[in-house]
Amino acid sequence: MKVNAMCTSDPVAALDYCDKVIYCGADKFDDKRIEVYGTFCKGISSDKIYIPTVCDEDGFADACDYMMEHNATAIVRAAFDLEESGIIEAKYKLSPIMLLHKLGVLGRCQIAGGVCLDNDDLDLMAQENVPLILLPTASAGYGYGFAPVAAAVARGVKVGVGTFDGKYNIGANLDFEVEFMKLTANAEMRGEDILSDGDITKIIEFA
């Protein structure tokens, strides 16, 4: 099964390229191939929520409380660029991943973006079985960089790939996203064919 692990725009179109879409947003869909993580807000009633930033202090605190009180899981867009990670570091003296761990919710999360993850973050994610969702074209297109996919795979972190808002991947083509991800892995490790066919299959299947 091919899984678009995070899509925030036009999940119906995204199904042209995969078997399942994990959608993060406010809309609801009848198609059972679309799994919805509702954007968190007060009054939400869902066991699957989407937290688009950890920099909204009040909203983030409310979301963490909600996860604990309702046994909910979350996709958290975190460590996705230097500015966001810098804000968290300046405020808490911790990385976004370490902050989630300190608050006791990391094990309930999937991390989306992950450009600024360091080795300690990846080790903790592997230890806590926290998945990493790569957003290759969005991360590159918005100028954030690229996530350390090879390092994550080497540590046994479960990795998936998503199309995010589709700005740099019109039509949410998962195949295009995967091909771009392969290039970012090569750039990360300064070599060719860094990810094996087995690695790619596990990432595509989000297994």
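In strand 5, Val76 is the bridge partner of Ile51. The structure is a predicted model, in which local features need pLDDT of at least 70, side-chain atom pairs count only at pLDDT 80 or more, and totals for chains, interfaces and linings use all residues. Residues are numbered from 1 along each chain as its sequence is written, and side-chain values use heavy atoms, with hydrogens and water left out.

**The strands**

Helices (H or I, at least four residues) and strands (E, at least two) are DSSP runs, numbered from the N terminus. Two strands are said to pair if DSSP finds at least two bridges between them. Strand 4 (residues 48–51) pairs with strand 5 in the parallel sense, over four bridges.

Val76 has Ile111 as its bridge partner in strand 6. On strand 4, Ile49 has Ala74 of strand 5 as a bridge partner, and Gly38 stands opposite Ile49. Strand 3 (residues 34–39) pairs with strand 4 in the parallel sense over two bridges.

Strand 5 (residues 73–78) is mostly covered, with five of its six residues buried. Here buried means under 20% relative accessible area, exposed means over 50%, and partly exposed lies in between (1.4 Å probe, protein chains only). In a regular strand the side chains alternate between the two faces of the sheet.

**Two loop residues with positive phi**

Asn71 lies in the loop between helix 2 and strand 5. Its phi is near 55 degrees, a positive value in a residue other than glycine. Asn71 counts as exposed because its relative accessibility is 56%. Lys93, in the loop between helix 3 (82–92) and helix 4, has a phi near 60 degrees, likewise positive in a residue other than glycine. With a relative accessible area of 62%, Lys93 is exposed.

Met98 belongs to helix 4 (residues 96–102) and is partly exposed, since its relative accessible area is 24%. Not counting residues up to four places away in sequence, Met98 touches Asp120, Asp121 and Leu124; contact means heavy atoms within 4.5 Å. Met98 and Leu124 are 26 residues apart in sequence, and their C-alpha atoms are 8.3 Å apart in space.

Thr137 belongs to helix 6 (residues 136–141) and counts as buried because its relative accessibility is 5%. Leaving aside residues up to four places away in sequence, Thr137 touches Tyr168, Asn169, Phe176, Glu177 and Phe180.

**Pocket and cavities**

On a 1 Å grid over the protein atoms alone, a cavity is a set of points where a 1.4 Å probe fits but cannot get out, whereas a pocket is an open set with protein on both sides within 12 Å along at least five of seven lines; lining residues have an atom within 4 Å of a point. Grid points are joined across faces, edges and corners, and a volume is the space filled by probe spheres set on the points. By this rule there are two cavities of 30 Å³ or more.

| Space | Volume | Lining by class |
|---|---|---|
| Largest pocket | about 170 Å³ | four nonpolar, five polar and two charged residues |
| Largest cavity | about 50 Å³ | seven nonpolar, two polar and no charged residues |
| Second largest cavity | about 40 Å³ | five nonpolar, two polar and one charged residues |

In these classes, Ala, Val, Leu, Ile, Met, Phe, Trp, Tyr, Cys and Pro count as nonpolar, Asp, Glu, Lys and Arg as charged, and the others, Gly among them, as polar.

The lining of the largest pocket includes Asp27, Lys28, Val36, Gly38 and Thr39. Strand 3 gives the largest share of that lining, three residues.

The largest cavity is lined by Leu134, Leu135, Pro136, Ser139, Phe146, Ala147, Val149, Met181 and Thr184. Helix 6 and helix 8 (174–189) are the elements that give two or more residues to this lining. Around the second largest cavity the lining residues are Arg77, Phe80, Gly113, Leu135, Ala138, Ser139, Tyr144 and Phe164.
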